[in-house]
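Hi there,

Here is the structure I promised to pass on to you. Have a look at it first, and then read my notes below.

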Amino acid sequence: MQHAPDSTAEIVREYGPFEGAGHVHGLTYDGTHIWFASGDRLNALDVERGTLVRTLGVRGNAGTAFDGRYLFQIADGGIQKIDPKTGQVVAVIPAPGQSGNSGLTWAEGRLWVGQYRDRTIHQIDPDTGAVLRTIESNRFVTGVTWGDGELWHGIWEGDQSELRRVDPETGEVLARLHLPAGVAVTGLESNGRDLFFCGGGPSGKVRAVRRPPKKRR
């Protein structure tokens, strides 16, 4: 087995910290705004201007996702389905664990949930919360994202963080991006092109990181 290629992450922009949003938990991207959870609210960050343009009074202490119409937000042991136009929670499904849930993303009609200390990523049914399959990692899992057919997740252990591309069938690590020491990753989302957006945990920051170009076969 070949060793997964390692490289240094290129941080191209930092946003925040923002007043009243001292900790960034999960985040997602709707094509214009980065939505990030900060404990007692969801915040919409304008990517171009770098300013908060809206907040929703929805609790969130872990991953955030967007399916093209609804936001999904982990709060404790549940995943809330939220209408971003009104801020109304329209449904709640169980998360895979009552605690330890971390990243969240949407891909191909399913939700994908990271579990931090269990070192796993679960694909779940968005209507019932039923676990459909599980991928194991050898490190603590934070944010999770799909982009251009690639599955990536964040890790954060002690002073070290990475973004990892993994095989969605086996969990094998295919590539690593190393972030500077002390830079946390608490949420992860691809913009679908050339960037990852990363939650910065207790720093209250959101960072844009250059995504490596996909290798074409």
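This is a predicted model: local features need pLDDT of at least 70, side-chain atom pairs count only at pLDDT 80 or more; totals for chains, interfaces and linings use all residues.

Residues are numbered from 1 along each chain as its sequence is written, and side-chain values use heavy atoms, leaving out hydrogens and water.

Strands here are DSSP runs of E, at least two residues long, numbered from the N terminus. Why is strand 5 largely enclosed by the rest of the structure? Because five of its five residues (42–46) are buried. In a regular strand, side chains alternate between the two faces of the sheet.

Which strands pair with strand 5? On one side of the pairing list is strand 4 (residues 33–37), antiparallel over five bridges; pairing takes at least two DSSP bridges. Ala37 stands opposite Leu42. Four residues lie between these strands in a hairpin, and Gly39 in the turn has a positive phi of about 100°.

Strand 6 (residues 52–56) also runs antiparallel to strand 5, joined by four bridges, with Arg54 opposite Ala44. This hairpin has five residues between its strands, and Gly50 in the turn has a positive phi of about 75°.

Happy exploring!

Key. Buried means under 20% relative accessible area, exposed over 50%, partly exposed in between (1.4 Å probe, protein chains only).
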